[in-house]
Amino acid sequence: MDKIVVEGGNRLVGSIPVSGAKNAALPILAASILSSGPSTFKNVPMLQDVATMAKLLRQLGGEVDGKHTMVVHPPHGKKLKLEAPYELVKTMRASILVLGPLVARFGRARVSQPGGCAIGTRPIDQHLKGLAAMGAKVHLDHGYVEVECKRLRGATIVLDMPTVTGCENLMMAATLAKGRTVLENAAREPEVEDLALMLNKMGARVQGAGTAIITIDGVDELHAVEHTIIADRIEAGTFAIAAAVTRGDVLLEGAQAEHMDAIMAKLRGAGATVTVESGGVRVRGGGDLRAVDITTQPHPGFPTDMQAQFMVMATQAKGESMIKETIFENRFMHVPELCRMGAEIHVDGRVAVIRGQKKLAGAAVMATDLRASASLVIAGMIASGKTEVLRVYHLDRGYEAIEKKLRGVGAKIKRVRG
Ligand code: EPU
């Protein structure tokens, strides 16, 4: 298996191009199912998760071509198959995003139920509750969810929590429903907004995306589109931390500052200099870093997907930082690995307390999820000696050419194929 080898001690200086957002690309690719013509998507990040979604669309009977610009012919004709199999769903939970579009367009779908994953149990009850409220029959069968409805009808759905993919699934389903759907307590993430923008280009009537109430007036059909995916705020945030902790000076090329308020505020609070420039966001680290407290929250609060990376910064800050994880119940898997490198972190339930100004030492480490793996790469860049990050496939799910991008700004990092 591949590993990433990092030698610590280098300042990062220069600019890093930010890729398209994984969590916008995945629902948008799934939404292509809603029309009958070929759609074109630009700025698609080349990631393992995107490859999995392309594979799923092909299995459903669609055609997917291209790399950063992708053309998707939605499933149709004799090849049409309304099933997302366990083999794919188990490798990527976001496969559930085809459920809403398939039912809306073809009246039926069978999707393997995603199980829990390393970071939490992650149920899909809200997705199913919403579809049932829209008139669908929902049936659980041998690990699969079967959903059927000739034509969904609009409904008012109050989500128990602002679930991102749940909201996206229901928004996509509602575009072809009869009548008006109102999603209350909706997720306000920029990726939900990007999906709504794309759906509206297809001819959908979605209003309010980016707020807690989204209204969708169903239409009879949708057409193909061309759409450019927004920049990945989490990838940008990850490199921002790398710049701050190495006392570097990095321009995150193409980063969209308007999606990064909470991340930028905490970086500034920690003592980094963050400036918004015409080409992106610049992050400079210099003097002593200060401790900051963080509570993860749905957008516009501080994102859970940046929690692990901020924790590495906290190990270097002056004072004691407290991080509270409220979204996923098991998202501190990086803590024991960071402690093996010399960090001092105490976890009590959902709260981690980090004692700062600890010297980290390189070690062989591994993590069980994407963002935790990214945090270990950052830790490796400030540790003495060599750090080997194992299980690179987690990183490949969500970071495009991470070692190449970091090498471009002066990091000593390479992938060793194995
Ligand atoms: N939840 C339920 N029932 C549901 C849906 C969600 O109880 O039906 C709970 C979850 O268990 C969790 C909370 O609600 O405690 C929020 O989960 P959400 O549904 O918002 O997460 P998600 O849609 O499965 C997306 C991202 C994640 C990101 C979270 C939170 C995609 C493809 N994935 O997941 O991204 O952490 O939102 O922002 O958009 C990542 O990129 O590393 C990643 C994990």
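Reader: Which residues of α10 meet those in α8?

Author: The model is predicted, so local features need pLDDT of at least 70 and side-chain atom pairs pLDDT 80 or more, while totals for chains, interfaces and linings use all residues. Residues are numbered from 1 along each chain as its sequence is written, and side-chain values use heavy atoms, without hydrogens or water. Contact here means heavy atoms within 4.5 Å. From α8 come Ile-234, Thr-238, Ile-241, Ala-244 and Val-245, and their partners in α10 are Gln-309, Phe-310 and Met-313.

Reader: How many residues in the contact of α8 with α10 are nonpolar?

Author: Ala, Val, Leu, Ile, Met, Phe, Trp, Tyr, Cys and Pro count as nonpolar, Asp, Glu, Lys and Arg as charged, and the others, Gly among them, as polar. The contact has no charged residues and two polar ones. The nonpolar count is six.

Reader: Are α8 and α10 roughly parallel or antiparallel?

Author: Helices are DSSP runs of H or I with at least four residues, strands are runs of E with at least two, and both are numbered from the N terminus. Axes are lines fitted to C-alpha atoms, for helices over the stretch in contact, and angles between N-to-C directions run from 0 to 180 degrees. The axes of α8 (residues 233–245) and α10 (residues 307–316) come within 10 Å and cross at roughly 5°. Under 35 degrees counts as roughly parallel, over 145 as roughly antiparallel, 65 to 115 as roughly perpendicular and the rest as oblique, so α8 and α10 are roughly parallel.

Reader: What area do domain 1 and domain 2 bury between them?

Author: An automatic or database assignment sets the domain bounds: domain 1 is 3–19 + 231–416, and domain 2 is 22–228. Buried area is the accessible area (1.4 Å probe) that two parts lose on being put together, summed over both. Carbon and sulfur atoms carry 51% of it, and the total is about 1800 Å².

Reader: Which residues in domain 1 lose the most area to domain 2?

Author: Three residues together make up 34% of what the domain 1 side buries. They are His-299, Arg-397 and Glu-400.

Reader: How many salt bridges cross the interface of domain 1 and domain 2?

Author: A salt bridge puts a side-chain nitrogen of Lys or Arg within 4 Å of a carboxyl oxygen of Asp or Glu. By this rule the count comes to 27. Across the interface of the two domains it is two.

Reader: What is the N to O distance between Glu-63 and Lys-79?

Author: Glu-63 sits in strand β4 (residues 63–65), and Lys-79 in the loop between β5 (70–73) and β6 (83–84), 16 residues apart. Their side chains meet in a salt bridge, N to O, at 3.9 Å.

Reader: Where is Pro-300 found?

Author: The peptide bond from His-299 to Pro-300 is cis, with omega near 10°. Most peptide bonds are trans. Pro-300 is found in the loop between β18 (294–295) and α10.
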